Amino acid sequence: MLTSIGIAGEATYPAAGEKLTNLRKINYLFGHNGCGKTTVSRAIHDTAARTGYSVSWKDGRAIPTLVYNRDFAEANFGEQMRGIFTLGENSTKAVEEIESLQQQIGKLDREIDGLRQKLEGDDGTGGSRKDLADARSLLDEACWKSQQAHKAVFDEAMTGHRQGKVAFCTKVLKEAAENETDVATLEDLIARAATVFQDATPPEAAIQPIAFTAFPTLEKSAILGRKVVGRDDVVVAGLIGRLGNSDWVKQGVEYLTAAGGPCPFCQQDAPANLLEDLNAFFDEQYEADLAEIVQLITRYEASTKAVCDRLDALVASPGKFIDPETLNERYHALKTAFELNHERLVAKRREPSNAVMLEDTKEFADAISDLLTQANMAIAGYNETVRDLSKSKRTLTSQVWRFIVEERRTDLATYEASATKLGKMIEGLGATIAEKKGERARLDVQLKGKEASITSVKPTVDEINRILASFGFTSFKLAVAGERQDMYRIVRLDGSDAAKTLSEGERSFITFLYFYHMLAGSTSGTGTTVEKVVVFDDPVSSLDSDVLFIVSALIRKVVSDVRAGKGSVRQAFVLTHNIYFHKEVSYDRDRPASGCRKDETFWVVRKRDNVSSFHHYAFNPVKTSYELLWEDVRDSERANLTIQNTLRRIVENYLVVLGGWRQDAIVALFTGRDAQVCASLFSWINDGSHSAHDDIYLAADDNAVQNYLRVFERVFEKTGHIAHYRMMMRISDADEDEAAEGDAKLAPAEMTGSSEGSLASAPVA
């Protein structure tokens, strides 16, 4: 099921794109002709046709779509050869294309059969594959003779490869390609096998030692106990020495330099040579000591990281020769010492005049090294126990297989020569067959598509003809035609062709009936149960009210089946510009009065300033054509040009046709300038509705439109129908009170100026 449809930059849709989202099983789209509905149906029909189309499917699973629009009608009502008119989706050359495809597929079938015969023989058990299988079978037998001859002595070496001839031969072929062990005599192999082939365990890898050698030197560095201060032979040295604040002064030098003269602390002028004395106090030796501290920290951090990385890996996989709890305890003690030393080093860098002493980590490091040494001693003892036996066993096993390879060397050479020749032949035949099968599959898809487009079933003719007759279409009917009796043609009662003489309404109705029966059944012998999405795009064009009713009823049946989960249609879209049809097809007595069902959506497609847009509603927005006219008047973003026709239709329908008022009588109800505006209004709306738009109407601005809308309201007031106006404009008593309060705040001069400005900009009749 479709969950969203996007259209961007196609037809009249904006480049930024418009989107139908949260789509349900049943979706109604209403919009006037030319607003962009057919573009939606085309996007559903073939998303890949245009780059601006995009759709999303529920759970990412796409299903076929079947769309009724003018494209479908044009494609399914075309003339065929021999004067036959088909209702399948096909071109005028469909029959010839099918015959051509059948000939091509037949030719490919013959070619594939010939190649397959060379590859597999007549019955699939011969050909080159059989020759290769026979060659391998001979080698299997030859190699198995070696297994039978030596299994009693070399049973251990053959473990894992004794389950059958094929498996044993495969091992021999592998050893022939890879084994480069020295060749031993059979007597030597037998003698060694008596003692070597017994149970053994693979050796254990030793644990690489961890280097702690850098820490004694780093942790006893002389710079840690040295008080790093400035020179003592400058003027300020004595004061700094007494105060013991060289670290503070060092930080303050930066602020003094930035201040550019005044003392940054007391804001008094600093002595002229103060900065020079301070810089002299912190001489090159001071800077060198600081650099040594930084370098010490860097080296210490690198050393601790290297040790911790090794220990982290060892803790994660300690092996079976290290006690994990002991390792964790000793590592935790070492890491704690590292962290404490790091804090003291940072403090030394921050206050170099203070002496610090690092924790001695040698004890912790030695404890870990001892643990690793003990583990390696255990591993060495274990490996010493198993090394010789395991190594000898591997060597002997390899030599046994090398002996078997040499024993079967002639058989292997014979097989290799045959396999190389036959393998190339089989590979070539297989590639050619695969290529031709791919071509055949492509042609077969085309053939099925062509056949499906013109295939029908005979019972459908009777059902369509029954519906035609029941609605008075008795001058023509459908008849089965074609050599395969799988086409339709439209005939008169005397059997003559009728397609060229059908009216537009007749063509539309019979094409719709054909589409409808495609949903109920299938156009081919397959696909009758395939899930599908169905779109009805304005199916009632050129139909009278009686036919419109049956079309609406048929579509309602489809909608009902979709809602109930019957049939193969999983989702339906109904697009129309016809209000009566929309009301008929969307009628649902069980729908909430102020909302819609959970399995349906309502949309209005609008086009303003030649730009189409989608508008979603939580209820059925289409009531009557008269209600839609008032909705356009209520819309503050209405188009200035189209409002002319809207006002005319409201006045003519309600006041003139239903109310019996004459236009001149309505104008007579006004005096002064409003009378002129009213007269101009009638002239404007009639001329703007029925005549070509000259410059004055094309240039109608917002002020002019607002002034006419004001007079339009007063027309209903003067004729005694203001209640109807308020109802259609949805104006409540509270709204009127608020508007009156706002008008009372305006000065008379402002109100007069506003009215005159609007009148001046309005066209006068």
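Me: What should I know about the numbering and the model before reading anything else?

Reply: Residues are numbered from 1 along each chain as its sequence is written, and the model is predicted, so local features need pLDDT of at least 70, side-chain atom pairs count only at pLDDT 80 or more, and totals for chains, interfaces and linings use all residues. Side-chain values use heavy atoms, with hydrogens and water left out.

Me: How many helices and strands does the protein have?

Reply: Helices (H or I, at least four residues) and strands (E, at least two) are DSSP runs, numbered from the N terminus. Here the count is 27 helices and 13 strands.

Me: What share of the residues count as buried?

Reply: Buried means under 20% relative accessible area, exposed over 50%, and partly exposed in between (1.4 Å probe, protein chains only). Of the 765 residues, 41% count as buried.

Me: What share of the contacts joins residues 24 or more positions apart?

Reply: Contact means heavy atoms within 4.5 Å. Among contacts with a separation of 6 or more, residues 24 or more positions apart account for 72%.

Me: Which residues does Arg349 contact, leaving aside its neighbours within four places in sequence?

Reply: With those neighbours left aside, Arg349 is in contact with Ile293, Val294 and Ile297. Arg349 itself lies in helix α12 (residues 324-350) and is partly exposed, at 41% relative accessibility. Ile293 is 56 residues away from Arg349 along the chain, yet their C-alpha atoms are separated by 6.3 Å.

Me: Which residues of helix α25 are buried, and which are exposed?

Reply: Helix α25 covers residues 722-729, and its buried residues include His724, Tyr725, Met728 and Met729. These four cover an arc of only 125° around the axis, which puts them on the same side of α25. The arc is that of the directions from the helix axis to the C-beta atoms. On the other side of α25, Ala723 and Met727 are exposed. Just after the helix, Arg730 takes a positive phi of about 60°.

Me: How does the span of helix α24 read against the expected one?

Reply: The expected span of a helix is 1.5 Å times one less than its number of residues. Helix α24 (residues 702-718) has 17 residues and reaches 24 Å from its first C-alpha to its last, close to the expected 24 Å. Buried residues in α24 include Ala704, Tyr708, Leu709, Phe712 and Phe716. Just after α24, Gly720 takes a positive phi of about 80°.

Me: How many salt bridges does a search of the whole structure find?

Reply: A salt bridge is a side-chain nitrogen of Lys or Arg within 4 Å of a carboxyl oxygen of Asp or Glu. The search finds 32. One of them joins the side chains of Glu439 and Arg442, at 2.5 Å from N to O. Being 3 residues apart in helix α14 (residues 409-454), Glu439 and Arg442 are separated by about one helical turn. Glu439 is partly exposed at 29% relative accessibility, and Arg442 is partly exposed at 41%.

Me: Where do the partners Arg606 and Glu631 lie in the chain?

Reply: Arg606 forms a salt bridge with Glu631, the closest N and O atoms being 2.9 Å apart. The pair links distant parts of the chain, with Arg606 in strand β12 (residues 600-608) and Glu631 in helix α19 (residues 625-634), 25 residues apart. Arg606 is partly exposed at 24%, as is Glu631 at 23%.

Me: Which residues are linked in a network of salt bridges?

Reply: The network links Arg563, Asp588, Asp590, Arg591, Arg597, Asp599 and Glu600.

Me: How many disulfides does the structure hold?

Reply: A disulfide is a covalent bond between the sulfur atoms of two cysteines. The criterion used is a pair of cysteine sulfur atoms within 2.5 Å, and the structure holds 0 of them. For Cys143, the closest cysteine sulfur is that of Cys169, at 4.0 Å, too far for a bond. Cys143 is buried, with a relative accessible area of 0%, and Cys308 is buried at 14%.
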